[in-house]
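Hi,

Here is the structure I promised to pass along. Have a look at it first, and then read on for my notes.

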Amino acid sequence: PAFRAAQNNQQTAATGSLGLSYRATEVVELLGSVGNSFRMPWIFDMFDAGFTGTSYSFPNPQLKPERGANVDAGTRLHFDDATIGLTAFRSNFRDFIESVDTMYLGLPATQRRNVGKARVQGVESDWRWQATRSLNFYGSASYLHATNRVTDQPLPSIATLSGLMGAQYVGPNEAYALSGELQWAKGQNRYDHRKEYPAAGYGVVNLYAQLQLDKLGLPQVGNTQAVLSINNLFDRAYRTAATASNIHYPMTGQNPLLQPGRSVSLTLRARF
């Protein structure tokens, strides 16, 4: 009966946002925005069953759409050779959609449910410094604090503090660019122990080489770029906080799932 009742599920939502940018001085720019959001549950969340990672998942045809209200405020500093941005935000949700651990036919399982009210708030920043004409440094960081306002417990799959820092060298005539990044996250010290295993902190090094082939002596290929990437250079074993876990099973390489080890990729992009 629940499946039949949900066969014709129509929802209406009006969403929008309003933002303001004010250049207070030559250096200081003030930013702010307000808006609302709407998220319809996936058809798979409502009607599809199967295995997700290490647990069985079954549908919830009674899922309602998630609605939210968002506000953020921040500043961006403009210097001759650098920019720095800092933004604080808060999002309040009702009928928040979350994966919930439960049982099905006597076995551990998960189901997507509306868990009432939730709040996600935090601070994020980004910066870039053009040290020389060829060399620049950049980075970003974010702090997240997410809470189920009904149970007053942390929301799962939230990385409290994470970011990246990198350096890029651009060759003469912009024929090539070499860059290295450190992607990092602090250990997950705020989590609901009844729902997930915490993720440890990590630091992963990634390297990139972008080659503009027409500027490197191959004009016949036109505007074609080759990108060589080496991710997780030191083959670090790590998990991100966003990876789902099932505490009904022991922690293994699959629960929560480890991120990929060292990987190498070559990409060709042609623009015409």
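Where is the place of Ser134? Ser134 sits in the loop between strand E9 (117-130) and E10. Bear in mind that this is a predicted model. With a relative accessible area of 25%, Ser134 is partly exposed. Not counting residues up to four places away in sequence, Ser134 touches Gln168, Tyr169 and Val170. For the pair Ser134 and Gln168, the C-alpha atoms are separated by 8.1 Å, with the two residues 34 apart along the chain.

Now the strands around there. E10 (residues 135-148) and E12 (residues 161-170) run antiparallel, and nine bridges join them. One of the pairings puts Gly139 together with Met165 of E12 as its bridge partner. E12 also pairs with strand E13 (residues 176-185), again in the antiparallel sense and over nine bridges. Here Gln168 stands opposite Ser179 in E13. E12 and E13 form a hairpin that has five residues between them, and Asn173 in the turn has a positive phi of about 60°.

Back to E10, which also holds Asn136. Is Asn136 buried or exposed? Asn136 has a relative accessible area of 3%, and the cut-off for buried is under 20%, so Asn136 is buried. Its side chain and that of Arg128 are joined by a polar contact of 2.5 Å. Leaving aside neighbours within four places in sequence, the residues in contact with Asn136 are Arg128, Trp129, Gln130, Ala131, Gly166, Ala167 and Gln168.

Next, the rings. There are six aromatic pairs by the count. Among them, Trp42 and Phe44 form a tilted pair, 6.0 Å centre to centre with 55° between the planes. Trp42 is exposed at a relative accessible area of 60%, whereas Phe44 is partly exposed at 49%. Why does the pair Trp129 and Phe137 count as stacked? Their ring centres are 5.6 Å apart and the planes are at 25°; planes under 30 degrees apart count as stacked, so this pair does. Trp129 is partly exposed, with 43% relative accessibility, and Phe137 is partly exposed too, with 27%.

Which residues make up the largest nonpolar core? That core has nine residues: Phe93, Phe96, Val100, Val115, Ala118, Val120, Ala146, Leu155 and Ile158. Taking Val100 from this set, its contacts beyond four places in sequence are Ala109, Thr110, Gln111, Arg113 and Val115. Of these contacts, Val115 is also listed in the core.

Last, a spot further along the chain. Asn223 is found in strand E15 (residues 223-231). At 35% relative accessibility, Asn223 is partly exposed. The side chain of Asn223 makes a polar contact of 2.6 Å with the side chain of Gln212. The C-alpha atoms of Asn223 and Arg271 are separated by 5.5 Å, although the residues are 48 apart along the chain.

That's what I have for now. Happy to go through any of it with you.

Cheers

Note on methods
Residues numbered from 1 in each chain as written. Predicted model: local features only at pLDDT ≥ 70, side-chain atom pairs only at ≥ 80, totals over all residues. Heavy atoms only, no water. Pairing = 2+ DSSP bridges. Helix = DSSP H or I, 4+ residues; strand = E, 2+ residues; numbered from the N terminus. Core = buried A, V, L, I, M, F, W, Y, C linked by side-chain atoms within 4.5 Å. Buried < 20%, exposed > 50% of the residue type's maximum accessible area, 1.4 Å probe, protein only. Contact = heavy atoms within 4.5 Å. Polar contact = N/O pair within 3.5 Å; in protein donor to acceptor, adjacent residues only side chain to side chain. Phe/Tyr/Trp six-rings, centres within 6.5 Å; stacked < 30°, edge-to-face > 60°.
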